[in-house]
Amino acid sequence: MLLRYLCRQMHKRWLLYLFCCCLACTKPRPITRAFYFWKQRYQPDSTELNTLNTLRMQRLYVKMFDVTLAADKHTAVPVARLDQRSPFPAGIQVIPTVFIVNDVWKQVNADTLARQVAQLLAQTSPQQAGEVQIDCDWTRNSKTAYFAFLQALRRQPFMQGKQLSVTIRLHQVKFLATSGAPPADKGLLMCYNMGNLRQYGDHNSILNMNDLESYAGNKRIAHYPLSLDLALPLFRWSVLFRHRSYAGLLRNLEENDFSNHRIFSKNGEQLYTVLKDTIVKGYPLHAGEEVRYETCPPALLWDAARYLAKQRQHYNPVVIFYHLDENELNKYALPELEKTYSILR
């Protein structure tokens, strides 16, 4: 009897221990709420400002300029500089972000480019910015030059007292051994543009769970050597195919633009065939061409958020939506975006 009693007590304690472990694993964590602003002109409208206010945004990652190769293909130049027409919102920390085209690493000197980028950021960035983010889709061939640039950038006077963050693509997480981890304070994992946009077929190249699980499985996010913030997509596009070959991107088309059955025939979940020559929102389309309409409905965002929430690092991340744009925000109710944040806590 005594032995049976002791066994029952041990069993109860074991269950209590497991229960406490589960509570510890699911305890909500603090997250920092943020948006990307990726348009060239900064002049947010009432919808964009209301979104920032209602969702209690804490940070706004603003693209200040791009860096690309000049016409001579030998020097790097800044393009698409931010045209700021309105003041940044009070109470929201602005993080200057720079997009660098991967091709520049074949030609430019890393130290020189780091000095030029830092000088331009010093002229254009808010003085109180505590972080700078560099966005570049480096490869195994360009990582040596890119990583040297990051090290040189951190040595610039402008970077004193600031964190350096860098964007990380999912393929760079999966193939860590060849991609390497950049010399930065932290990374921003871009959880979108994960499929092959140019590949013909009825799939979603912006965000789909099969690709997300393929790239991030085996706890690759949890074990990544940099602390990772997370970015999720709020955008859509339409991909044009001609004879099943990629023919370009069509922007700002709506799903109801494909509702005329005399012009479009639906071939699957999101693939449409053009039945006769037409013009849709200024885009000339021809009979026989096909268009794949891609978007990120709330249910898909929630699925991705649940998967990402399982791969927790010992880190309280910034969670960023890409991007702040009235045309995209009108596709989502604010409680739907709030739910996405809640899932990731």
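How many bridges join S1 to strand S18, and do the two run parallel or antiparallel? In this predicted model, select residues 318-322 for S18 together with S1, and you will find four bridges between the two strands, which run parallel. Within this pairing, pick Arg33 and look across to its bridge partner in S18, which is Val319.

Because six of its six residues are buried, that is, under 20% relative accessible area, strand S1 is largely enclosed by the rest of the structure. Thr32, Ala34 and Tyr36 point one way from the strand, whereas Arg33, Phe35 and Phe37 point the other way.

From here, move to the largest pocket, which holds about 850 Å³ of space. To centre the view on this pocket, select Asn193, Phe235, Trp237, Arg251 and Tyr322, the closest to its centre of the 29 residues that line it. Colouring the lining by class gives 14 nonpolar, seven polar and eight charged residues, and among the elements that each supply at least two of the lining residues are strand S8 (163-169) and helix H5 (170-174).

The last stop is the second largest pocket, with a volume of about 230 Å³. Select Glu255, Tyr293, Thr295, Cys296 and Pro297, which are the closest to its centre among 13 lining residues; by class, this lining has five nonpolar, three polar and five charged residues.

Notes: Residues are numbered from 1 along each chain as its sequence is written. This is a predicted model: local features need pLDDT of at least 70, side-chain atom pairs count only at pLDDT 80 or more; totals for chains, interfaces and linings use all residues. Side-chain values use heavy atoms; hydrogens and water are left out. Buried means under 20% relative accessible area, exposed over 50%, partly exposed in between (1.4 Å probe, protein chains only). Two strands pair if DSSP finds at least two bridges between them. On a 1 Å grid over the protein atoms alone, a cavity is a set of points where a 1.4 Å probe fits but cannot get out, and a pocket is an open set with protein on both sides within 12 Å along at least five of seven lines; lining residues have an atom within 4 Å of a point. Grid points are joined across faces, edges and corners, and a volume is the space filled by probe spheres set on the points. Ala, Val, Leu, Ile, Met, Phe, Trp, Tyr, Cys and Pro count as nonpolar, Asp, Glu, Lys and Arg as charged, and the others, Gly among them, as polar.
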